[in-house]
Amino acid sequence: MQKFHLVWDEGRHALGIPSIDREHRGMMNLVNELSEAVAHGCSYEQAHLQMEKILDFVSDHFAHEEAMMRQYGFPGLEQHIVEHKKLL
């Protein structure tokens, strides 16, 4: 099976908020780990565990991101929350 690899591009992906940028890179790394595992024939159970790991990480990230947006009065917070819920 062919794999894909996500590559962090500082100019394109960085928001300039170190904690959020770290989390975004972390999500990309987790997806890359899943892609690598699947490309090497991991079992369904292993893929499922990696997907759970990704979803847990993303859920925590969304909570962190929404808390920061709330703290700083981000005007698009409610719509951003809707988008997060669609993804989970």
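Analyst: A nonpolar core is a set of buried Ala, Val, Leu, Ile, Met, Phe, Trp, Tyr and Cys residues joined through side-chain atoms within 4.5 Å. Buried, in turn, means under 20% relative accessible area. Please bear in mind that this is a predicted model.

User: Which residues make up the largest nonpolar core?

Analyst: The largest nonpolar core has seven residues in all: Met27, Leu30, Leu34, Ala47, Ile54, Val58 and Phe62. Two elements, α2 and α3, each give two or more residues to this core. The largest share, four residues, is supplied by α3.

User: What does Leu34 touch, apart from residues up to four places away in sequence?

Analyst: With those set aside, Leu34 touches Ala47, Gln50, Met51 and Ile54.

User: Let us turn to charge. How many salt bridges does a search of the whole structure find?

Analyst: Side chains of opposite charge can pair when their charged atoms come close. The cut-off applied here is a side-chain nitrogen of Lys or Arg within 4 Å of a carboxyl oxygen of Asp or Glu. A search of the whole structure finds three such bridges.

User: Where do Arg25 and Glu10 lie, and what does their pair tie together?

Analyst: The closest N and O atoms of Arg25 and Glu10 are 3.9 Å apart, and the two form a salt bridge. Arg25 belongs to helix α2 (residues 18-39) and Glu10 to helix α1 (residues 10-13), so the pair ties together parts that are 15 residues apart in sequence. Arg25 is partly exposed, at 28% relative accessible area, and Glu10 is likewise partly exposed, at 47%.

User: Which helices hold Glu33 and Lys53?

Analyst: Glu33 and Lys53 meet through their side chains in a salt bridge of 3.9 Å, N to O. Because Glu33 lies in helix α2 and Lys53 in helix α3, this pair ties together parts that are 20 residues apart in sequence. Glu33 is partly exposed, with a relative accessible area of 39%, and Lys53 is also partly exposed, with 44%.

User: How many residues apart are Glu83 and Lys86 in helix α4?

Analyst: Glu83 and Lys86 are three residues apart, about one turn of the helix, and both lie in helix α4 (residues 77-87). Their side chains meet in a salt bridge of 3.4 Å, N to O. Glu83 counts as partly exposed at 35% relative accessibility, whereas Lys86 counts as exposed at 61%.

User: Is Glu66 buried or exposed, and which side chain of opposite charge is nearest?

Analyst: Glu66, in helix α3, is buried yet has no salt bridge. The nearest side chain of opposite charge is that of Arg70, 4.9 Å away, and the cut-off for a bridge is 4 Å. Leaving aside neighbours within four places in sequence, Glu66 is in contact with Leu77, Ile81 and His84.

User: Is Asp60 buried or exposed?

Analyst: Asp60, found in helix α3 (residues 44-71), is exposed, with a relative accessible area of 57%. Asp60 and Gln50 are 10 residues apart in sequence and 15 Å apart in space, C-alpha to C-alpha.

User: Finally, how many aromatic pairs are counted?

Analyst: A pair of aromatic rings is described by the distance of the centres and the angle of the planes. Here the count comes to zero aromatic pairs, the rule being that ring centres lie within 6.5 Å.

Key: Residues numbered from 1 in each chain as written. Predicted model: local features only at pLDDT ≥ 70, side-chain atom pairs only at ≥ 80, totals over all residues. Heavy atoms only, no water. Phe/Tyr/Trp six-rings, centres within 6.5 Å; stacked < 30°, edge-to-face > 60°. Buried < 20%, exposed > 50% of the residue type's maximum accessible area, 1.4 Å probe, protein only. Contact = heavy atoms within 4.5 Å. Lys, Arg positive; Asp, Glu negative; His and termini not counted.
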